[in-house]
Amino acid sequence: MERKRTRRRSAGRHAATRLRRALGTALFVVCVTVALPAQETGFALRLIPGVHVPILGARDYFTVGATVDVVGDVRLPALPLLGARLAGSYQLLPIWSGGSAQVAAMGVGPALYLDLGQRLEMSIYGMGGYYRGFVVDDAASVSGGNGYLEGGARFAFELTPQLLLEAAASYRNDLQFSQGISASIGVSYRFLGGSPIELRDIEF
């Protein structure tokens, strides 16, 4: 019995180490993206907490959990309606029978941006990526990873040219693991850069 407890504690420590590495990688990628030159419509960085509600078969195993997303939106001046979404996320999903699952993920995908007024905007996105999950309960500690698919929408109200208040909802399917709906509300910060670079004709 003592050996089993020791193995579970060891597996839990290894799972926590792998989770920290995965989250660190996600944050590093987002920070590198922030460091890239931004145009006026260019880059918005968001750190948003929310709730995750399991649906369908996942409801039999998981209860309502928490989620935190670090999201970067890249918009191109030449294509103001289109852009890319880069995200790193962490989910904590309690298990009905005891214990919990921790899921770290990274993904990227296209997004459509719509201006609904002078200070209100909406975006619709779809993305895919890779997740790594760690489950620790009374029976055992296991880990594994696979791809995931996500789609959602967000509304943002511009408090200042750089600060936005937003609400979002999304559906996510961690393939062969869990699926659910997330809802969040938070504040995003838009990084503003210099004027767009103009390319002029070169005469010989």
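## Aromatic contacts

One aromatic cluster is formed by Tyr61, Phe62, Tyr131 and Phe177. This description rests on a predicted model. The number of aromatic pairs in the structure is 3. One of them joins tyrosine 61 to phenylalanine 62 in an edge-to-face arrangement, with 4.8 Å from centre to centre and 80 degrees between the planes.

## Overall architecture

The secondary structure of the protein chain consists of 1 helix and 8 strands. In sequence order the elements read α-β-β-β-β-β-β-β-β.

The protein chain has 204 residues, of which 36% count as buried. When contacts between residues at least 6 apart in sequence are considered, 59% of them join residues at least 24 apart.

## Nonpolar cores

The largest nonpolar core contains 10 residues: Val71, Ala87, Val103, Ala105, Ala111, Tyr113, Tyr125, Met127, Tyr131 and Tyr148. Two or more residues of this core come from each of β4 (100-115) and β5 (120-136). The greatest contribution is that of β4, which gives 4 residues. Another core lies apart from this one and has 6 residues, including Ala58, Phe62, Ala101 and Val135.

Tyr131 belongs both to the largest core and to the aromatic cluster. Phe62, a member of that cluster, is part of the 6-residue core.

## The largest cavity

The model contains 2 cavities of 30 Å³ or more. The largest cavity holds about 240 Å³ of space. Its lining comprises 22 residues, and those closest to the centre are Asp69, Arg85, Tyr125, Glu150 and Ser170. By class, the lining divides into 9 nonpolar, 6 polar and 7 charged residues.

At least two lining residues are supplied by each of β1 (43-54), β2 (65-76), β3 (79-94), β5, β6 (141-158), β7 (163-174) and β8 (178-191). Strand β7 provides the largest share, namely 5 residues.

## Tyrosine 125 between core and cavity

Tyrosine 125 is a member of the largest nonpolar core and is also among the residues closest to the centre of the largest cavity. Neighbours within four places in sequence excluded, tyrosine 125 is in contact with Arg85, Pro110, Ala111, Glu150, Gly151, Gly152, Ala153 and Ser170.

## Aspartate 174

Strand β7 includes aspartate 174. The relative accessible area of aspartate 174 is 3%, so this residue is buried, the threshold being under 20%.

With residues up to four places away in sequence set aside, aspartate 174 touches Gln91, Val103, Tyr131, Gly147 and Tyr148. The C-alpha atoms of aspartate 174 and asparagine 146 are 7.2 Å apart in space, while the two residues are 28 residues apart in sequence.

How values were computed: Residues are numbered from 1 along each chain as its sequence is written. This is a predicted model: local features need pLDDT of at least 70, side-chain atom pairs count only at pLDDT 80 or more; totals for chains, interfaces and linings use all residues. Side-chain values use heavy atoms; hydrogens and water are left out. A nonpolar core is a set of buried Ala, Val, Leu, Ile, Met, Phe, Trp, Tyr and Cys residues joined through side-chain atoms within 4.5 Å. Buried means under 20% relative accessible area, exposed over 50%, partly exposed in between (1.4 Å probe, protein chains only). Contact means heavy atoms within 4.5 Å. On a 1 Å grid over the protein atoms alone, a cavity is a set of points where a 1.4 Å probe fits but cannot get out, and a pocket is an open set with protein on both sides within 12 Å along at least five of seven lines; lining residues have an atom within 4 Å of a point. Grid points are joined across faces, edges and corners, and a volume is the space filled by probe spheres set on the points. Ala, Val, Leu, Ile, Met, Phe, Trp, Tyr, Cys and Pro count as nonpolar, Asp, Glu, Lys and Arg as charged, and the others, Gly among them, as polar. Rings of Phe, Tyr and Trp (its six-membered ring) pair if their centres lie within 6.5 Å; planes under 30 degrees apart count as stacked, over 60 as edge-to-face and the rest as tilted.
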